[in-house]
Amino acid sequence: MRESEIKYILLNFLFLSCVFTQAQQPYALSLRNISELPDESIYSIHQDKKGLIWMATDEGLLQYDGFRYTSYKSEKQTSISGSNIKEDKFGRIWYQNFDGYLYYVSEGKLKHLRQNPPPGFISYGITDRYLFVVQKKGVDIFDLKSLKLIKTIFISIEKIESSAVLGQDIYLISDDIIYKIDECFNLVSNHFFVGKNLHIKYIFPYKNKLYVISKLNETKRLYFFDNQLNFIKSFPISKISQIQGSDVIDENIWLHTPQGTLIIDENGRDKTEKVLFPENSSSKVIKDYQDNYWFSSVNNGIYIVPDLEDKMYSLAPFYPKTFMKTREGYLSGTENGELIISDSTFGNKKILYSNKNKLPIYYLYYDKTDQNIIFSDNGFSVINEKKSATKHFDMALKEAVRLDQKYYAIAVSGFFGLLLNPNANEKEPSAWDDLFYKNRDKKEPQIAQLKKGLRAKSVAFLPERKQLIFATNVGTYSVHPNAEKELRRYSLPLYSNSLVTFENAIYLLDTKGNISRLKAGQKLDDMNVKWKIPVGNIRKMKCTDDKLILLSTNSVYSFSNEKLEKFNLPVKNSSIKDFWLEESSIILLNNENILTFSQKTQKNPKNIRFQIDHFLVNAISRDSRKFQEFNYNENNISVQFSVLEFVNNHPEVYYRINGNRWVLINKESRTVEFPSLSAGNYLIEFKLQDMVSDQKIQFEILLPFWKKWWFYLAVCSLSAALIFLYFRRQSKIMQQQIELLDEKLLLEKSLRKSVLVSIKSQMNPHFFYNALNTIQAYIFTNDKKRASNYLSKFSKLTRIILEMSEKEIISLSEELVAIELYLDLERMRFSDNFTYKISIDDNIDKDEVTFPPMLLQPYIENAVKHGLLHQRGAKYLHISFEQKKDLLYISVDDNGVGRKRAMELSAIKNKNHKSFSTQANEKRLEMLNKERSQKITVEITDQYDSDGKAAGTLVQLVIPIK
């Protein structure tokens, strides 16, 4: 924006007074902004003895604990909307729907009262002993404890208006007559309002008196009666045309209207300048145990006022972004580019400047000496003390500070430097002249750029030392008229976001939210440690004439004369745009309003109440107030609690077990779980902020029976007996194993012997004699070829037999070689009429199939020597191998003379002779089968022809194989 445009705007807006008479209101928090209020129509509100808030709404009866809402409904409700919430001495919460029917909360459920039909919505009464309920024929009186109807006071009722309880008596207005029913059920009346033509009258208790007001306020008066119904006085209440209800709080009368709440004393004097919250159709006000005021309405939900002395000022239609104190009042820069000045009550507002692009003003500096105003919008501008001239610069100014009558120091996005005061006489000397003229900008001669190519963020000045400190994105720099250097900490760059000068020192707020202090000739002091402020807790800082002000995440700190004071605020600091500190109040600027808080009321935080709602053991509710014992399997513990703090709804809650360290509970939870606790004594304590709660839980989880001493004794005794029996049995088993081992050794010895016997059977003298005779015969007949062939096979068979004697198992291929050699030798002894055949299934892997050696040979030998030897004619032997799963099926089939004839011939030749090889093989099979789960089986079958003559022998072996 050019200077000519600014002057044009100034001529149009300078000193144009725009007066807005929006009245101040107490600072209030809308409950809808604290939590998700289920309904905006609130007809009644009540805080019970525990501190819980109850609301009667269009959604029914709600309970609020500062964290969550609980809805109470009953199947027998004629409607759920209602009002008139009360609490009896038994802790039951009552409310009345708009049909006039009563409901109460007991044992966590909403129950209905069995009552006669009501005449409409008319308030009921509760005393220490009785419940008074208006019905169409009069008043029913119930025993409060049992809720049984004990008496009915009959009254002729045509138009019932209202009722109230004072002490132990109930008062009601019907047909312009005031009735009183005392605790002895005596009935008296007063006809004061007969003939006064008041539409509907409300009656309310006040101390030991009663007051009556009319709904339409026809007479514009409020009437007082004593507790005997004698008229005392009346006074005017002319400001109100309609009344919806009334409460007595702080000994004042609060009147609810469709346009807010009015507060008067017992003499009719206004306690507030204006009606509170005129946009609310007010229904009720309560004051909670923390001294917060709750304003309920039927159109805007609930407003919570922490303190009536705390004010909220609207600057509408302006929306300030920053402000500061000047001689004339408060200077504010707005979101839409206006610069306005307002009085100390933020009432009268005057526009000093407005940019036509409506760009926000985000920085203000007021020179108290020259009364110049420096501000940033689209660049930055300077308005002189007479508000008659403005100078604009197209630079993004971040901060400015006065050096002397001639110069300002400026921090700009792009450089830091000096600005020539527009009001100054350039010929007047200054200590900063050399530095200014040396670095003067040719395009903007009123500016000197001391260091370029960086983003300056803040500037502070120590006049006594003529020292400037600039905070930038690349570090912090110290500048004197004749020198410049970078400030470093531990040889590292020092990064700061904000700088202020206070009490001859410069305070630096770093990028992490920590404060440091730089004094002349001293090192940087860590002020967070000195002030005991949590690290990273400071968001903003500024200073007034006599105080340094710090804004933290949840408080405001004021520092002066080496003394720090803390003020807790009922407002979320994340919404604060700017702040100021007066002698008696803290002033904050949020999104739309100016807020003022009394320092006196904010110094000490109000108490926060912690209470245990439910103590659950395995999901079953137990009494948390007394020590209890639980079985070992009742060890899943859950504690549900409430933190009754309604302004700051996220206080820190901790727990600890048996005095160990405190554990922070998730702020979004109101339940803490202790699953699968081991046996032992437990003490669970809770801490709210820094205050340990007196509500604690003590219990013991008992040991399971198997961990008790008598069980250990029984187990030890039983174990000793079992150990004795075990070792006794093991001794027997070991003895048996020794016997088995001996038997096994004997068996192995016999097995080795049987192998030798098998070898012997193979290599017996008769076999050698026959073999040598055959070789000799070939030699005598000069058949050298056959003699050599026979001798070669005989030597090879002998060698194979000797090798097999050293092995426990052999492969089928090895067995076949020995069998073929043996049969070839035997065939050479026979004439050409002896043939044999060996058949093997294709699926048999001869090298993989294994079994004990010399197992098959004895049966082949018997077939040859005893069956085929005596057979006349063709002699035939067939050996077959077949595998099924892990079994090898072998058959030896000959067409010899049969076992019977062979035995006869053998007997003739050698009486009492039994085949040596057969005996050895039977013994060997017996020993082998002792070590096997699957046995080797042998089946020998005699074969006969169709004439019944012996036709050979069939031997079938089944061998388990690997």
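## Briefing on a predicted model

Asn197 is exposed, with a relative accessible area of 67%, where exposed means over 50%, buried under 20% and partly exposed in between, using a 1.4 Å probe and protein chains only. This is a predicted model, in which local features need pLDDT of at least 70 and side-chain atom pairs count only at pLDDT 80 or more, while totals for chains, interfaces and linings use all residues. Residues are numbered from 1 along each chain as its sequence is written, and side-chain values use heavy atoms, with hydrogens and water left out. Helices (H or I, at least four residues) and strands (E, at least two) are DSSP runs, numbered from the N terminus.

**Loop residues with positive phi**

- Asn197 is found in the loop between strand 19 (187–190) and strand 20 (201–206), and its phi is near 55°, a positive value in a residue other than glycine.
- Tyr490 belongs to the loop between strand 44 (483–489) and strand 45 (492–493); Tyr490 likewise is not a glycine and has a positive phi of about 55°, and it counts as exposed at 74% relative accessibility.
- As background, most residues other than glycine have a negative phi.

**Helix 8 against helix 9**

- Helix 8 (residues 784–804) and helix 9 (residues 812–829) pack at an angle of about 145°, with their axes 10 Å apart; axes here are lines fitted to C-alpha atoms, for helices over the stretch in contact, and angles run from 0 to 180 degrees between N-to-C directions.
- Residues making this contact include Tyr790, Phe794, Leu797 and Ile800 of helix 8 and Val817, Leu821, Leu825 and Met828 of helix 9, where contact means heavy atoms within 4.5 Å.
- By class, the contact of helix 8 with helix 9 has 11 nonpolar, 1 polar and 7 charged residues, with Ala, Val, Leu, Ile, Met, Phe, Trp, Tyr, Cys and Pro counted as nonpolar, Asp, Glu, Lys and Arg as charged, and the others, Gly among them, as polar.

**Nonpolar cores**

- The largest nonpolar core has 47 residues, of which Leu823, Ile860, Leu877 and Phe881 touch the most other members; such a core is a set of buried Ala, Val, Leu, Ile, Met, Phe, Trp, Tyr and Cys residues joined through side-chain atoms within 4.5 Å.
- Helix 9 gives the most to this core, with 9 residues.
- Leaving aside neighbours within four places in sequence, Ile860 is in contact with Ile819, Tyr822, Leu823, Leu877, Ile879 and Val892.
- Another core lies apart from this one and has 43 residues, among them Ile85, Leu110, Val556 and Phe646.

**Strand 41 and its partners**

- In strand 41 (residues 447–462), 12 of the 16 residues are buried, so this strand is largely enclosed by the rest of the structure.
- Strand 40 (residues 407–420) and strand 41 run antiparallel and are joined by 7 bridges, and Gly414 stands opposite Leu454 in strand 41; two strands pair if DSSP finds at least two bridges between them.
- Strand 41 and strand 42 (residues 467–472) also run antiparallel, joined by 6 bridges, with Phe470 in strand 42 as the bridge partner of Val459.
- The hairpin of strand 41 and strand 42 has 4 residues between the strands, and within this hairpin Lys466 takes a positive phi near 50°.

- Strand 30 (residues 311–314) runs antiparallel to strand 56 and is joined to it by 4 bridges, with Thr596 in strand 56 as the bridge partner of Lys311.
- Strand 55 (residues 585–589) is also antiparallel to strand 56, through 5 bridges, and the two strands form a hairpin with 3 residues between them.

**A buried serine**

- Ser297 lies in strand 28 (residues 293–297) and is buried, with a relative accessible area of 0%.
- Ser297 and Ser281 are 16 residues apart in sequence and 5.2 Å apart in space, C-alpha to C-alpha.
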